[in-house]
Amino acid sequence: MISYDIVIVGGGPAGLAAAISARKAGVDKILILERDKELGGILNQCIHNGFGLHTFKEELTGPEYAQRFITQVLDEKIEYKLHTMVMDISSDRIVTAMSREDGMYQIKAGAVILAMGCRERPRGALNIPGYRPAGIFSAGTAQRLVNMEGYMPGREVVILGSGDIGLIMARRMTLEGAKVKVVAELMPYSGGLKRNIVQCLDDFGIPLKLSHTVVDIEGKEHLSAVTIAEVDKNMKPIPGTEERYTCDTLLLSCGLIPENELSRNAGVEMSPVTSGPVVNESLETNIPGVFACGNVLHVHDLVDYVSEEATRAGANAAKFVKGEMAENSDKVIDIVATDGARYTVPSTINVERMDDLLTVRFRVGAVYKNSYVSVYFDDERVMHNKKRIMAPGEMEQVILQKEKLKEKSGLKKITIRIEAEDAN
């Protein structure tokens with residue numbers, strides 16, 4: 001059986017950044033396993049700009065951003081295998097992989113970094129009535145067809161869901177000559193970044209209808225029309241609000257979920273909120289030596305944050321294999337998200353093992369205006385930061401200081417909550 005110090009599952013932005021970070025931390029034997037035909041992951045089909053503002057202080061397209069990291073991987077001579085599917089990871093970190101070239105084989109890993117990214121929510125989860133004709137695509141599939149395969153899905157388009165991929169595809173289809181008639185969103189708020197609503201819909205005069213959903217699909221062989229309707233607060237269509245749009249294409253942009261079948265089968269503890277692994281301050285899962293980062297952990301809004309998180313995971317995996325990681329003591333502090341905050345990453349902290357500064361990321365469950373992000377150490381409020389607006393489509397963060405946590409001996413719980421403007 002071959003062995004490596006660190007095996008990274010996934011060659012997208014998270015896997016690449018983690019590999020580079022681990023190499024810079026002094027680990028030699030690193031292997032990236034990627035199921036696609038090239039490194040770069042989903043960034044290869046994201047040909048719009050807007051990537052890299054935080055990391056490189058300039059606007060790059062997805063392929064350009066990925067290439068910066070691929071170049072570093074090549075310069076560092078980090079090994080990678082393409083067309084390789086990871087089938088299983090055991091609790092003692094034996095990775096079973098399969099490829100056409102090598103067949104099925106096993107790798108003994110000193111540490112494993114999960115960086116499989118995310119996938120689109122399946123259409124079956126939507127329960128749209130009507131026929132199942134040709135012409136219905138997930139937004140990500142349409143993006144790949146247009147940007148990488150050179151195939152145009154259709155000319156008259158309706159988009160259901162206002163996640164970032166749906167918004168970006170509204171602009172992309174328009175630029176390719178299609179007519180995007182409407183973007184319908186079930187929730188009373190958009191799931192995408194504000195800048196994408198402005199740049200992809202407003203700038204092209206594409207209407208966004210919030211609290212609307214598709215209630216009927218017409219066409220037996222090929223899509224010919226869809227009907228959308230307004231929904232009430234229980235998400236039920238309101239009779240009399242139906243609007244019919246003739247179209248030959250329906251794009252579904254109904255959210256992303258972390259790609260975690262592999263993690264689940266390996267026995268990794270999963271968060272019911274994020275559908276990703278539960279991790280500690282080192283981005284380590286409940287299985288010692290198995291780390292997770294990027295969109296497989298929780299869906300990020302910016303790839304820059306994926307790279308930043310993956311850099312931490314790579315450095316911590318390196319510490320683990322070199323035996324430099326402090327013992328996981330009993331003094332573990334829980335981080336609890338409540339009152340508007342949906343979850344946190346990480347969800348526990350061992351102060352001895354954390355860096356001097358720890359970024360805790362979370363998302364809110366609704367749109368909040370002129371509210372506060374408050375942090376409590378047990379029952380004492382230690383942070384109370386005003387935010388003009390917070391929305392589910394954008395991640396929030398608080399930064400914890402090791403020094404402050406050490407001062408609070410006996411601290412059991414850190415609570416992050418959203419409080420109204422008039423909170424004391």
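Modeller: Let us begin with S99, which, leaving aside its neighbours within four places in sequence, is in contact with H83, T84 and Y105; contact means heavy atoms within 4.5 Å. S99 has its place in strand β5 (residues 94-99). This is a predicted model, in which local features need pLDDT of at least 70 and side-chain atom pairs count only at pLDDT 80 or more, while totals for chains, interfaces and linings use all residues. Residues are numbered from 1 along each chain as its sequence is written, and side-chain values use heavy atoms, with hydrogens and water left out.

Colleague: Why does S99 count as buried?

Modeller: Buried means under 20% relative accessible area, exposed means over 50%, and partly exposed lies in between (1.4 Å probe, protein chains only). S99 has 10% relative accessibility and therefore counts as buried.

Colleague: Why are α4 and α5 called roughly parallel to each other?

Modeller: The axes of helix α4 (residues 164-175) and helix α5 (residues 194-201) cross at roughly 20 degrees and come within 8 Å. Axes are lines fitted to C-alpha atoms, for helices over the stretch in contact, and angles run from 0 to 180 degrees between N-to-C directions. Angles under 35 degrees count as roughly parallel, over 145 as roughly antiparallel, 65 to 115 as roughly perpendicular and the rest as oblique. The two helices, α4 and α5, are therefore roughly parallel.

Colleague: Which residues of α4 and α5 make the contact?

Modeller: From α4 they are D164, L167, I168, A170 and R171, and from α5 they are N196, I197, Q199, C200 and L201. By class, the residues of this contact are six nonpolar, two polar and two charged. Ala, Val, Leu, Ile, Met, Phe, Trp, Tyr, Cys and Pro count as nonpolar, Asp, Glu, Lys and Arg as charged, and the others, Gly among them, as polar.

Colleague: What makes β19 and β24 edge strands?

Modeller: The open sheet has three strands in the order β19-β21-β24, with antiparallel pairing. Two strands pair if DSSP finds at least two bridges between them. Each of β19 (341-345) and β24 (396-401) pairs on one side only, and these are the edge strands.

Colleague: How many bridges join β19 and β21?

Modeller: β19 and strand β21 (residues 357-364) pair over four bridges in the antiparallel sense. V345 has R361 in β21 as its bridge partner. Helix α7 (residues 303-321) lies across β19 and β21, and runs at about 135 degrees to β21.
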